[in-house]
Amino acid sequence: MIPAGDTVLLAVIAANRDPISDNGHLSFGHGPHYCLGAPLARLEARIAIWTLLRRLPDLALAVPYADLAWKSDHRQHALTRLPVTYTPPPSFPSGSTDDPVSSCDAVPS
């Protein structure tokens, strides 16, 4: 029990760090701690990545991987920036069957 008034510090960088099995990645939990939104999150990520790579097939890092700058603290381990290069895609006419998300109201075209 955490007493009323005590400070609680969330350390996301410590998430998914089982001392018995350190698999080194953040996931959606397991067993009673399994995230109910995991299937939706995985589907959304799959669609977003597929769409990004389909629309920008030449997407690439603009700098060598070794030159990427990382920010690490008690809350996160993340890139400070992610410079990329790509060729802008042609505009899709509204309702075009070439654009897989043009008919989705939730995604602007």
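Here are some notes on this predicted model, point by point.

1. Ground rules before anything else. Residues are numbered from 1 along each chain as its sequence is written, and side-chain values use heavy atoms, with hydrogens and water left out. As this is a predicted model, local features need pLDDT of at least 70 and side-chain atom pairs count only at pLDDT 80 or more, while totals for chains, interfaces and linings use all residues.

2. On confidence: pLDDT (the predictor's confidence in each residue, from 0 to 100) averages 74 over the chain, and 62% of the residues score at least 70. Where pLDDT is low, the predicted coordinates should not be read in detail.

3. The layout is α-β-β-β-β from the N terminus on, that is, one helix and four strands. Helices (H or I, at least four residues) and strands (E, at least two) are DSSP runs, numbered from the N terminus. Of the contacts with a separation of 6 or more, 39% link residues 24 or more positions apart.

4. How much of the chain is buried? Buried residues make up 7% of the 109 residues, where buried means under 20% relative accessible area, exposed over 50%, and partly exposed in between (1.4 Å probe, protein chains only). The chain exposes about 9200 Å², and carbon and sulfur atoms supply 61% of that; areas come from the Shrake-Rupley method with a 1.4 Å probe, and for residues only the protein chains shown count as cover.

5. T51 sits in helix α1 (residues 38–55). T51 is buried, at 12% relative accessible area, and its side chain reaches the backbone oxygen of I47 at 2.8 Å.

6. Have a look at K71 too, in strand β2. K71 is partly exposed, with a relative accessible area of 37%. Setting aside neighbours within four places in sequence, K71 touches Q76, H77, A78 and T80. R81 is ten residues from K71 along the chain, and their C-alpha atoms are 9.5 Å apart.

7. Last, Y65, which lies in the loop between β1 (60–61) and β2 (70–72). Y65 is classed as exposed because its relative accessible area is 57%. Y65 also belongs to a nonpolar surface patch with L61, W70, L82, V84 and Y86, about 620 Å² of accessible area together.

Note on methods: Patch = residues over 30% accessible without salt bridge, like charges linked within 9 Å, V, L, I, M, F, W, Y side chains within 5 Å. Salt bridge = Lys/Arg side-chain N within 4 Å of Asp/Glu carboxyl O. Contact = heavy atoms within 4.5 Å. Polar contact = N/O pair within 3.5 Å; in protein donor to acceptor, adjacent residues only side chain to side chain.
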